Amino acid sequence: MTPTITAFAQSPDRGQGLARDMRVRWALEEVGQPYEVRLVSFQAMKEPGHLARHPFGQIPTYEEGDLVLFESGAIVLHIAERHAGLLPDDANGRARAITWMFAALNTVEPPILDLQTAKFLEGDKPWNLERMTLIRERIRHRLRALSVRLGDADWLDGGFSAGDLMMVHALLRLRLSGILDEFPNLAAYVTRGETRPAYERAFAAQRAVFIGTPPPR
Ligand code: GTB
């Protein structure tokens with residue numbers, strides 16, 4: 001059964017692939033699962049039809065028959081568990097890959113989100129500069145440790161996994177901040193993720209929404 005995901009009808013990132021439907025698109029492309037997309041406006045996201053799919057009125061969601069999921073991490077895990085290609089075959093390797101998914105979402109991404117909030121929503125506060133400096137240092141603290149762990153490996157734990165997918169997408173939001181470039185092995189890691197054919201297909205599909213062309217086949 002072809003799953004349907006939801007995505008922004010008009011993404012505020014202007015098609016840069018930063019919204020979280022990109023993770024789901026990427027995972028589906030990695031495993032070779034075709035999908036449909038329902039585009040939703042900001043208004044429609046807060047209406048009952050969408051709230052039945054997503055209690056917080058956000059994207060992405062995932063529908064497959066009777067199953068309706070929200071939370072990009074849960075959706076990517078669901079895809080990874082039901083298709084080959086995003087989790088290793090051995091039980092311990094799978095557990096470690098899932099650990100990296102949680103690390104991306106719970107340990108690395110939160111200060112990155114704080115930086116976005118401080119930049120875009122709190123820019124007018126008198127304490128903004130101090131807060132931005134603090135958050136940037138918290139991000140560096142996490143990236144230092146991640147950089148040491150990655151070392152000169154291509155991926156976090158053996159072959160590419162759903163853990164790398166989540167981590168690369170979380171790190172992508174840092175590109176404009178310049179912080180990622182302070183850690184050349186992490187910058188190269190993100191580039192490795194972005195140049196995977198599955199990422200490129202997912203990126204082109206979400207970009208097509210922004211520029212108003214049909215999604216590539
Ligand atoms: N924890 C949830 C998940 O991982 O699925 C978070 C979902 C979420 O934050 N969704 C956002 C949303 O629906 C879109 S992705 N926002 C609308 C709302 O809350 O009303 C976050 C996002 C938004 C914009 C950009 N951007 O413009 O760069 C990047 C990422």
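This is a predicted model: local features need pLDDT of at least 70, side-chain atom pairs count only at pLDDT 80 or more; totals for chains, interfaces and linings use all residues.
Biologist: How do you know that the side chains of Glu-182 and Arg-140 meet in a salt bridge?

Modeller: The N to O distance is 2.7 Å, and a salt bridge needs the nitrogen within 4 Å of the carboxyl oxygen. Glu-182 lies in the loop between helix 7 and helix 8, and Arg-140 in helix 6, so the pair ties together parts that are 42 residues apart in sequence.

Biologist: How many salt bridges does a search of the whole structure find?

Modeller: The search finds 15. One of them pairs Glu-30 with Arg-196, at 2.7 Å from N to O.

Biologist: What makes the pair of Glu-30 and Arg-196 a tie between parts of the sequence?

Modeller: Their places do. Glu-30 sits in helix 1 (residues 21-31), while Arg-196 is in the loop between helix 8 (184-194) and helix 9 (197-211), so the pair links parts 166 residues apart in sequence. Glu-30 is buried, as its relative accessible area is 18%. Arg-196, at 23%, counts as partly exposed.

Biologist: Why does the contact of Asp-157 with Arg-96 count as a salt bridge?

Modeller: The closest N and O atoms of Asp-157 and Arg-96 are 2.6 Å apart, and the limit is 4 Å. Asp-157 is in the loop between helix 6 (128-150) and helix 7 (162-172), and Arg-96 in helix 5 (residues 91-120), so parts 61 residues apart in sequence are tied together. Asp-157 has 30% relative accessibility and counts as partly exposed. Arg-96 counts as partly exposed as well, at 42%.

Biologist: On to the backbone. What makes the phi of Arg-14 worth a look?

Modeller: Most residues other than glycine have a negative phi. Arg-14 is not a glycine, yet its phi is positive, about 55°. Arg-14 is placed in the loop between strand 1 (4-8) and helix 1. With a relative accessible area of 55%, Arg-14 is exposed, since the cut-off is over 50%.

Biologist: What is the phi of Glu-71, and where is this residue placed?

Modeller: Glu-71 has a positive phi of about 80°, although it is not a glycine. Its place is in the loop between strand 4 (67-70) and helix 4 (72-82). At 42% relative accessibility, Glu-71 counts as partly exposed.

Biologist: How do you know which kind of peptide bond joins Ile-59 and Pro-60?

Modeller: From omega, which is about 0°: the bond is cis. Most peptide bonds are trans. Pro-60 is found in the loop between helix 3 (48-51) and strand 3 (61-64).

Biologist: How does the reach of helix 9 compare with what is expected?

Modeller: Helix 9 has 15 residues and spans 21 Å from first to last C-alpha, close to the 21 Å expected. Its buried residues include Ala-198, Tyr-199 and Gln-206, and among the elements covering the buried residues are helix 1, helix 7 and helix 8. Gly-212 follows helix 9, with a positive phi near 75°.

Biologist: What makes one space a cavity and another a pocket?

Modeller: In a cavity the probe fits but cannot get out, whereas a pocket is open. The count gives one cavity of 30 Å³ or more, and the largest cavity has a volume of about 90 Å³. Of its 14 lining residues, those closest to the centre include Phe-8, Asp-21 and Gln-206. Helix 9 gives the most to this lining, with three residues.

Biologist: And how much space lies in the largest pocket?

Modeller: About 1,300 Å³. The largest pocket is lined by 47 residues, with Leu-18, Ala-19, Arg-20, Leu-113 and Arg-173 nearest its centre. Helix 5 supplies the largest share of that lining, 13 residues. By class, the lining of the largest pocket has 24 nonpolar, 12 polar and 11 charged residues.

Methods:
Residues are numbered from 1 along each chain as its sequence is written. Side-chain values use heavy atoms; hydrogens and water are left out. Helices (H or I, at least four residues) and strands (E, at least two) are DSSP runs, numbered from the N terminus. Buried means under 20% relative accessible area, exposed over 50%, partly exposed in between (1.4 Å probe, protein chains only). The expected span of a helix is 1.5 Å times one less than its number of residues. Contact means heavy atoms within 4.5 Å. On a 1 Å grid over the protein atoms alone, a cavity is a set of points where a 1.4 Å probe fits but cannot get out, and a pocket is an open set with protein on both sides within 12 Å along at least five of seven lines; lining residues have an atom within 4 Å of a point. Grid points are joined across faces, edges and corners, and a volume is the space filled by probe spheres set on the points. Ala, Val, Leu, Ile, Met, Phe, Trp, Tyr, Cys and Pro count as nonpolar, Asp, Glu, Lys and Arg as charged, and the others, Gly among them, as polar.
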